[in-house]
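Me: I have a structure open and I am new to it. Please show me how to read a few of its features.

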Amino acid sequence: MSRIFLIGFMGCGKTTLGRKLAARLGYTFYDLDHLLEEQAGMSVAEYFSSFGETAFRLAEAEILKNTAYGEKAVISTGGGLPCFFDNMDWMKAHGITFYIKLSPKILASRLAHGKEERPLLRDKHGDELIAFIADKLAERESFYEQAQVIAEGLSLTAEKVEELVLNRNL
Ligand code: S3P
């Protein structure tokens, strides 16, 4: 179980859980959005507005496939990443994919304050935000559901993620 890819919608907790999981296991933590920001020298929001979503999808796929992960890595991915190109298959071939699953309502409440830096959400509010998340999630779920491990995200802890990943390997 040397590489664990955390996937799921924006706001599901990939980065927070990933950081804790990596610390717990003594693995290196990689946040792909953060790597893209470092390499591009700008935020994801700036990248979207300068180059558009298509360029962003190509760049995030490049980073996914060209990062030199060590043998022991926890990788937090952007919410859209598993749904483009062959990214989902690539992650499954190079590690274990773990889907953190949450309902649109919970995601919307978690994202209400963290949406300014997320270009797909920043102009949406209230019911419109929930409806947008529900539609996008419905579109993306068939990709997310291909993960080798799927867990309800509401009370998920790093300990639980570790246990589920270990059980998967038995
Ligand atoms: C996106 C999710 C974001 C970021 C970009 C697009 C998406 O990552 O990659 O804003 O399409 O769901 P997080 O899931 O880390 O917010």
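Reply: Start with one term. A residue counts as exposed when its relative accessible area is over 50%, and as buried when that area is under 20%. Keep in mind that this is a predicted model. Now take helix α1: K20 and A23 are exposed.

Me: Which residues of α1 are buried?
Reply: They are K14, L17, G18, L21, A22 and L25. Look down the axis of α1: the buried residues fall within an arc of 130 degrees, so they line one face of the helix. K20 and A23 lie on the other side.

Me: How many residues does α1 have, and what does it reach from its first C-alpha to its last?
Reply: α1 covers residues 14–25, which is 12 residues. Its reach is 16 Å, close to the 16 Å expected at 1.5 Å a residue. G26 follows α1, and the phi of G26 is positive, near 75 degrees.

Me: Now a strand. How many residues of β1 are buried?
Reply: Strand β1 spans residues 3–7, and five of its five residues are buried. Check the side chains in two sets. R3, F5 and I7 point one way, while I4 and L6 point the other way.

Me: What does β1 pair with, and in which sense?
Reply: One partner is strand β3, residues 73–76. The two pair in the parallel sense over four bridges. In this pairing L6 stands opposite S76. Strand β4, residues 96–101, also runs parallel to β1, joined by four bridges. Here I4 stands opposite I96.

Me: What describes a pair of aromatic rings?
Reply: Two values do: the distance of the centres and the angle of the planes. This structure holds eight aromatic pairs. In one of them, F48 and F56, the ring centres are 4.8 Å apart and the planes stand at 45 degrees, so the pair is tilted. Both F48 and F56 are buried. F84 and F85 have centres 6.4 Å apart and planes at 55 degrees, so this pair is tilted.

Me: Is F84 buried or partly exposed?
Reply: F84 counts as partly exposed, because its relative accessibility is 25%.

Me: Which residues do ring pairs link into a cluster?
Reply: F5, Y30, Y69 and W90.

Me: Where does the charged end of K124 sit?
Reply: It sits over the ring of F132, 4.4 Å from the ring centre.

Notes
Residues are numbered from 1 along each chain as its sequence is written. This is a predicted model: local features need pLDDT of at least 70, side-chain atom pairs count only at pLDDT 80 or more; totals for chains, interfaces and linings use all residues. Side-chain values use heavy atoms; hydrogens and water are left out. The expected span of a helix is 1.5 Å times one less than its number of residues. Buried means under 20% relative accessible area, exposed over 50%, partly exposed in between (1.4 Å probe, protein chains only). The arc is that of the directions from the helix axis to the C-beta atoms. Rings of Phe, Tyr and Trp (its six-membered ring) pair if their centres lie within 6.5 Å; planes under 30 degrees apart count as stacked, over 60 as edge-to-face and the rest as tilted. A charge sits over a ring if NZ of Lys or CZ of Arg is within 6 Å of the ring centre and within 35 degrees of the ring normal. Two strands pair if DSSP finds at least two bridges between them.
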